[in-house]
Each structure stands twice: as C-alpha cells, then as structure tokens.
Amino acid sequence: MRAARLAALLLAVAAAPAPAADYAPGRPLESHDGARLDYALKCKGCHGLWGQGTPGHVPRLDGFVGLFTHVPEGRDYLMRVPGVARSVLDDARLTGVLNWVLATYGGDTVAPDFTPFTVEEIAAARLRPLEDRKGLRDRMLAELRARGLLAPDDDGIGTSPEPRSVAGR
Ligand code: HEC
C-alpha cells in the first residue's frame with residue numbers, strides 16, 4: 001500500500017514539468033502545511049525552494065538526494081547529516097520532512113527497494129553524531145560513480161558559486 005502510494009507520487013512528480021516541488025505558485029507560504037511548510041521554514045534557506053541547493057556550498061536535493069538510497073551507508077547518512085539531525089523539528093516532523101524530500105526531490109533517483117523512514121529510526125539515528133561526513137560522502141559518491149549512477153564530475157554541489165547578489169536573491 002505504502003509502496004503503491006509512493007510509486008503514484010513519484011509518477012505524479014515525474015509527469016510534472018520541472019521544477020519538481022509542489023508549491024502552488026502565488027499561494028502564500030503560510031497556507032501550505034505539514035512537511036512542505038516545515039521544509040520551507042527549516043531547509044529551503046540552504047537547499048532552495050526547488051531543491052536546487054546553493055551552488056558551490058549546499059548540495060541540490062532535486063534529482064540527487066535519492067542516489068544515497070542505493071548505497072548501504074546512505075540511509076544512515078541521510079538521517080545523521082547535520083542539517084537533518086540537528087534540525088529544531090521534533091522526530092515526527094523531521095521524519096515527515098525527510099520522507100517528503102525523498103518523494104518530492106528524489107524522483108527516479110530513489111532505489112526501488114527504498115522504504116520510508118520511520119520516526120523510531122530517525123529518533124535513534126539523529127542522536128549519533130556523524131564523524132568525517134565529508135569522507136563518508138565522498139566514498140559514497142565514488143561508489144555511485146563506479147556503478148554508473150552518477151556522472152564523474154557531479155558532486156551535487158558544484159565548484160563555481162552562483163553570484164547570488166547578481167541573481168538578485
Ligand atoms: C545551514 C544550511 C543548511 C540547512 C538549514 C539544511 N541543510 Fe541539508 N545540507 C547542508 C549541507 C552543507 C549539506 C552537505 C553535507 C554537509 O556538509 O553537511 C547538506 C546535506 C543534506 C542532505 C544530504 C544530501 C547530500 O548531498 O549530502 C540532506 C538529505 C539534507 N541536507 C536535508 C536537509 C533537510 C531536510 C533540512 C531541513 C530540515 C536541511 N537539510 C537543512 C546545508 C543545510
């Protein structure tokens with residue numbers, strides 16, 4: 001049931017024109033609710049409304065975050081990365097926002113056998129600090145490249161920061 005719902009959601013996301021996020025244009029942010037609002041208030045500042053990230057600084061989630069579900073350490077990493085684990089959101093709301101992120105921005109990059117995060121596993125995982133997260137991330141990206149799932153020059157972050165002042169954001 002849950003898998004079917006997720007599949008339907010992914011199909012809907014895949015069929016929609018880019019960008020993938022389902023904010024209604026012109027609708028005030030406050031009129032959104034649940035995980036979408038939590039994302040907007042707690043994650044968007046760094047990862048962007050469309051999950052596009054902050055080039056040169058913060059990874060894009062759109063079309064990228066799901067790749068971590070293909071490697072054994074990835075599930076644990078997604079729950080323990082500081083932006084997630086140290087969020088002020090409580091365990092239940094954090095679980096909601098992380099599952100929403102995977103469903104909305106993961107798209108067809110999510111592994112077919114991925115099952116949504118549970119509140120219990122997030123509650124436990126977020127308490128364990130992530131040591132050497134850059135080294136771990138680099139190793140996972142190397143594995144994804146070796147398996148042909150990620151382009152050699154793509155690290156999800158990019159090396160040339162966008163001139164944000166020029167872009168007027
Ligand atoms: C202060 C900026 C900031 C905020 C706020 C933030 N993040 Fe992040 N996030 C990052 C950075 C930078 C990384 C890259 C890993 C690292 O260095 O910690 C990251 C990595 C991630 C990753 C792993 C993806 C990858 O490519 O490594 C996920 C998933 C994620 N963040 C989700 C979230 C969610 C969900 C929220 C809101 C609850 C959030 N982040 C809030 C900056 C942020």
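Select Leu102 to begin: this residue sits in helix α6. Helices here are DSSP runs of H or I with at least four residues, strands are E runs of at least two, and both are numbered from the N terminus. The model is a predicted one, in which local features need pLDDT of at least 70 and side-chain atom pairs count only at pLDDT 80 or more, while totals for chains, interfaces and linings use all residues. Residue numbers start from 1 along each chain as its sequence is written.

Stay on Leu102 for a moment. Leu102 is buried, with 24 other C-beta atoms within 10 Å; buried stands for 20 or more such atoms, exposed for 12 or fewer, and partly exposed for anything in between, with C-beta atoms placed from the backbone. Beyond its neighbours within four places in sequence, Leu102 is in contact with Val65, Gly66 and Val110, where contact is a pair of backbone-placed C-beta atoms within 7 Å.

Now zoom out and colour by secondary structure. The protein chain shows 9 helices and 0 strands. Buried residues account for 25% of its 169 residues. Of the contacts between residues at least 6 apart in sequence, 74% join residues at least 24 apart.

Next, select Tyr39, Val65, Leu94, Val97, Leu98, Trp100 and Val101. These have the most contacts inside the largest nonpolar core, which has 23 residues; such a core is a set of buried Ala, Val, Leu, Ile, Met, Phe, Trp, Tyr and Cys residues joined through C-beta atoms within 7 Å. Helices α2 (34–42), α4 (74–80) and α6 each supply at least two residues of this core, and α6 gives the most, with 8 residues. In soluble globular proteins, nonpolar side chains tend to be buried together.

Which residues does Tyr39 contact, leaving aside its neighbours within four places in sequence? They are Lys44, Val97, Trp100 and Val101.

Show α2 and α6 together. Their axes come within 8 Å and cross at roughly 90°; axes are lines fitted to C-alpha atoms, for helices over the stretch in contact, and angles run from 0 to 180 degrees between N-to-C directions. The two helices α2 and α6 are therefore roughly perpendicular, the word for angles of 65 to 115 degrees. To see where they meet, pick Gly34, Ala35, Arg36, Asp38 and Tyr39 in α2 with Arg93, Gly96, Val97, Trp100 and Val101 in α6. By class, this contact has 5 nonpolar, 2 polar and 3 charged residues; Ala, Val, Leu, Ile, Met, Phe, Trp, Tyr, Cys and Pro count as nonpolar, Asp, Glu, Lys and Arg as charged, and the others, Gly among them, as polar.

Turn to the ligand. It is surrounded by 21 residues, the closest being Cys43, Cys46, Pro59, Gly83 and Ser87; a residue counts as near if its backbone-placed C-beta atom lies within 6 Å. Helices α3 (44–47), α5 (82–85), α6 (91–106) and α8 (133–146) each supply at least two residues of this shell. Its classes are 13 nonpolar, 5 polar and 3 charged residues.

Follow α8 to Glu143, which is found in that helix. Glu143 is partly exposed, with 17 other C-beta atoms within 10 Å.

Last stop: Asp132, in the loop between α7 (119–125) and α8. Asp132 is exposed, with 9 other C-beta atoms within 10 Å. Its phi is near 45°, a positive value in a residue other than glycine. Most residues other than glycine have a negative phi.

How values were computed
Two residues are in contact if their C-beta atoms, placed from the backbone, lie within 7 Å. Angles under 35 degrees count as roughly parallel, over 145 as roughly antiparallel, 65 to 115 as roughly perpendicular and the rest as oblique.
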